Amino acid sequence: MSRNGDEHGPLVDLGNERPLLPSRARNMSPIVPRASISGRALVAVVAIMTFLASITTGTVLLVSASAAEWQSEVASEITVQVRPVAGRDLDRDVAAATQAMRAQPGIVQVKPFSKEESAKLLEPWLGSGLSIEQLPVPRVIVARVQPGTTLDLAALRSRVAQLAPSATVDDHRAWIERMRSMTGATVFAGVGILALVIVATIISVSFATRGAMAANRPIVEVLHFVGAGDSFIANRFLRHFLRLGLQGGLIGGGAAMLGFGFSESIAGWFSGTPVGDQFAALLGTFSLPPSGYLALAVQALLIAAITAWASRRTLFATLDDID
């Protein structure tokens, strides 16, 4: 018995019903139990909240990147429509407008659509085997603008109108503005969802902290009345809930990262289907850049910090009630 005492330090006799324990054993027991039911429930809540927040953030990043790519692609093209007019040769007007576009500085490629190509553009709506001669279908000319070039659209429109009075020049500015509005609305919705997730996390942590305080209130009261400061007690709860927040953030954020990591492979399974094509047009290649994964990791840490902050704030409110 003395040898055990030498190994573990002086022993305290707790009576016949309990074994002898080292006197320092009580210092090794945390104020808040680490493996409690409320703790596991909070880890699950934080993991779910982090997963939802990460999915929202990743989707917003994908939509923003795709919208930026759309805007760049659309802004680099100019479309000219030459409508058929009685008394004028449509092919001649198309050739004149094409020549005017090629002579414009800053335009690197001009492609006029033939009758057959124009008919193919209408096949999804009018079907195949249509004789385009029977319809007043305009002819389209697509011009690609050199990146970084600012065109004088007023002069270009005037020049094209002189050669082909029925031609109109469209720089797709209205379409670009619509895409910007859509992107802004998507980002705004994503920020709103993130705000709701953070509020729900704070409320969940507050209730979990109050539950932990209720279960450990006698211990906290004893520590408080024997002279332990509020900061000492609060730091113990802060570490406990920060650990729980980090565990939940790691689980939820890691699951979201794995989901985005495999999303490109999953999208390949649906490639060529209407659903897959629509999602590819909306979200691009589903590939999240490294900066996106960094944003998800920072977000998981932020949610863990919010968990610790909410617990500390709730704890001080509870300690004020004890006073």
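Guide: Let me begin with a rule: rings of Phe, Tyr and Trp (for Trp the six-membered ring) pair if their centres lie within 6.5 Å, and a pair counts as stacked with planes under 30 degrees apart, as edge-to-face over 60 degrees, and as tilted for the rest. A pair of aromatic rings is described by the distance of the centres and the angle of the planes.

Visitor: How many aromatic pairs does a search of the whole structure find?

Guide: Under that rule the search finds zero aromatic pairs. This is a predicted model, in which local features need pLDDT of at least 70 and side-chain atom pairs count only at pLDDT 80 or more, while totals for chains, interfaces and linings use all residues. Residues are numbered from 1 along each chain as its sequence is written, and side-chain values use heavy atoms, with hydrogens and water left out.

Visitor: What makes up the protein chain in terms of helices and strands?

Guide: The protein chain has eleven helices and six strands, where a helix is a DSSP run of H or I with at least four residues and a strand a run of E with at least two, each numbered from the N terminus. Its accessible surface comes to about 19,400 Å², of which 62% belongs to carbon and sulfur atoms; such areas come from the Shrake-Rupley method with a 1.4 Å probe, and for residues only the protein chains shown count as cover.

Visitor: Why is the pair Arg144 and Glu77 called a salt bridge?

Guide: The term requires a side-chain nitrogen of Lys or Arg within 4 Å of a carboxyl oxygen of Asp or Glu. The closest N and O atoms of Arg144 and Glu77 are 2.8 Å apart, so the pair qualifies as a salt bridge. By the same rule the count comes to four salt bridges.

Visitor: What else is Glu77 in contact with?

Guide: Leaving aside neighbours within four places in sequence, Glu77 is in contact with Val142, Ala143, Arg144, Asp171 and His172. The C-alpha atoms of Glu77 and Asp170, 93 residues apart along the chain, are separated by 9.1 Å.

Visitor: Is Asp93 buried or exposed, and how do you know?

Guide: Buried means under 20% relative accessible area, exposed means over 50%, and partly exposed lies in between (1.4 Å probe, protein chains only). Asp93 has a relative accessible area of 4% and is therefore buried. Its side chain meets that of Arg88 in a salt bridge of 2.9 Å, N to O, and Arg88, at 39%, counts as partly exposed. In the protein chain, buried residues make up 34% of the 323 residues.

Visitor: What makes Lys111 sit "over" the ring of Phe113?

Guide: The rule asks that NZ of Lys or CZ of Arg be within 6 Å of the ring centre and within 35 degrees of the ring normal. The charged end of Lys111 is 5.6 Å from the centre of the Phe113 ring and is recorded as sitting over it. Lys111 also forms a salt bridge with Glu117, with the closest N and O atoms 3.3 Å apart; at 37% relative accessible area Lys111 is partly exposed, and Glu117 is partly exposed at 28%.

Visitor: Which side chain has a polar atom 3.1 Å from the backbone oxygen of Phe113?

Guide: That polar atom belongs to the side chain of Arg139, which lies in strand 5 and is buried at 9% relative accessible area. Beyond neighbours within four places in sequence, the contacts of Arg139 include Val80, Leu90, Phe113 and Ser118.

Visitor: Why is Ala234 called buried?

Guide: Ala234 has 0% relative accessibility, so it counts as buried. Ala234 is found in helix 9 (residues 230-269) and, leaving aside neighbours within four places in sequence, is in contact with Arg312, Leu315 and Phe316. The C-alpha atoms of Ala234 and Arg313, 79 residues apart along the chain, are separated by 8.8 Å.

Terms used. Polar contact = N/O pair within 3.5 Å; in protein donor to acceptor, adjacent residues only side chain to side chain. Contact = heavy atoms within 4.5 Å.
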